[in-house]
Amino acid sequence: MSETIDIKSKETWERAKQIYLSTLSSAAERGQVERYLETITSVMHENGVFVIFVTNDYSASFLRDKYSDKLKKCLELVSSEGKVDIEFRTSERAKPAIVVPSEPPPVAASVSPPRAHAKAPPLASTMPLNEEYTFDNFVSGKSNSWALAAAQGVVSNPGKSGYNPLFIHGGTGLGKTHLMQAIGNELKKKNPALNICYLTAETFLNEYVNALQNGNLESFRKRYRKMDLLMVDDVQFLQKGRQFQEEFFNTFNALQQAQRQIVMTSDVAPKNLPSIETRLISRFEGGMVQEIESPNYETRLAILKKKSEAMVPSIPDNALEFIADTIKSHVRAMEGALNRVRIFRMVESTTPLTNDVLTHMLRDYIEKEKSLRSLTVEEIQQSVAKRFHVSIDQILSAERTQSLVTPRQMAMYISRKYTTRSLPEIAQSFGKTHATILHGVKNIEKRLDVEPDLKSILNEVLNEFGCSLKDNLD
């Protein structure tokens with residue numbers, strides 16, 4: 001089956017994709033799925049088989065292993081044929097979206113990006129930039145104006161001290177990745193010869209491990225150290241290994257000394273990253289560190305209006321105002337609600353979107369918001385203490401016996417994942433440092449994967465608050 005343009009198949013695929021995305025309750029999962037779906041170049045349908053062409057082998061393998069079964073079910077829902085099969089293939093005509101041709105057009109005199117170096121070979125792990133992520137499409141407000149100004153400063157002065165590295169931190173779904181990719185898109189537009197790489201820290205780690213196992217470490221190093229712009233999402237994953245931190249430190253130094261730009265994002269500030277070497281933290285803080293905070297009502301409404309501009313059918317203002325007023329935890333939750341309203345409008349185009357209809361349609365989002373806003377750290381500490389038969393004083397103590405560490409860290413985990421309380425507020429409630437809270441959260445996350453009894457206890461505590469594992473803010 002050769003790759004050709006198939007409008008009907010594309011429309012079917014888009015409907016199936018939107019249905020699948022609307023079923024995801026985790027913002028982290030939605031973000032990851034959307035990131036890989038962006039690598040799709042075209043879709044074909046022939047003899048009951050949907051063939052999805054993507055830009056590289058890495059994405060094809062990841063989508064095939066992780067999401068093919070669920071996407072297949074969504075395709076069967078919207079396809080007139082009923083049963084279908086799905087395949088992911090690398091597009092033969094796909095062009096690298098990040099590492100670009102080495103012959104640049106003239107660069108405007110007012111722009112001084114770093115000098116383009118010899119074109120680096122395409123990286124299997126490099127992820128394409130989303131062309132929709134631009135500064136023009138980024139809605140600015142009091143919560144993010146400083147981060148936006150810093151990102152624009154990088155574009156004007158890439159690789160220069162004061163902006164290198166740029167470290168953007170903030171909660172889930174607040175626009176960190178949007179700003180990072182806007183930098184890449186803008187610099188690529190100004191100088192298409194730049195070697196630009198965007199990927200997650202976890203993907204960087206996986207490629208490093210593969211290079212180590214296959215004896216290709218030197219090739220790995222050369223490729224990354226030829227980059228003019230390296231953008232690393234979710235830097236908190238660097239905490240996974242000392243040897244990997246050493247490799248990242250050396251790559252970081254090589255790029256910075258050559259005045260090549262580095263941009264990173266994380267859910268917390270550099271100083272609050274546990275298990276990261278002090279010298280790396282020092283490097284992260286040596287440039288520009290900016291926080292993105294949760295948006296206020298005006299900014300939330302502006303974001304929704306911006307995202308709904310091109311939607312067909314259109315979304316009425318009262319629906320946008322309803323979402324902005326009731327969903328405040330993070331932007332991705334608002335986007336999920338907006339997408340659900342859009343799908344409802346596609347199916348029930350004549351039904352008025354009254355507040356009653358919206359309340360019923362978005363009831364799970366609204367209930368989650370209510371529980372997140374009302375739940376306090378003190379209530380969590382009391383519930384966990386009762387379940388583990390310990391006292392509040394013991395949970396707040398410095399004693400480190402396992403019988404106390406587990407309930408203490410579980411209370412930290414629930415406070416971080418199921419409330420809208422800030423990290424400093426949670427740390428103060430426990431009388432601990434930011435790093436101790438994050439270490440406790442990370443430790444519970446690891447244990448939940450291998451300790452079903454601990455997971456069962458967590459569910460019991462969450463049930464008391466009307467929550468479940470799928471409701472956490474990540």
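Modeller: Happy to! Let's begin with the strands themselves. The open sheet here is built from 5 strands, lined up in the order E5-E6-E7-E4-E8, and their pairing is parallel. Keep in mind as you look that this is a predicted model. As a bit of background, the strands of a sheet pair through backbone hydrogen bonds, in either a parallel or an antiparallel way.

Now find the two edges. They are strand E5 (196-200) and strand E8 (288-292), each of which pairs on one side only. If you look from strand to strand, neighbours in this sheet are turned against each other by 15° on average, ignoring direction.

Next, zoom in on one pair. Strand E4 (residues 166-170) runs parallel to strand E7 (residues 261-266), and 4 bridges join them. To place yourself on that pair, pick Ile-168: its bridge partner in E7 is Thr-265.

Then bring in the helices. Helix H8 (residues 242-257) packs on the sheet, where it touches E6 and E7, and its direction makes about 140° with that of E7. Helix H5 (residues 176-190) lies across E4, E5, strand E6 (229-233), E7 and E8. Relative to E6, helix H5 runs at about 165°.

Key
Residues are numbered from 1 along each chain as its sequence is written. This is a predicted model: local features need pLDDT of at least 70, side-chain atom pairs count only at pLDDT 80 or more; totals for chains, interfaces and linings use all residues. Side-chain values use heavy atoms; hydrogens and water are left out. Two strands pair if DSSP finds at least two bridges between them. Axes are lines fitted to C-alpha atoms, for helices over the stretch in contact, and angles run from 0 to 180 degrees between N-to-C directions. Contact means heavy atoms within 4.5 Å.
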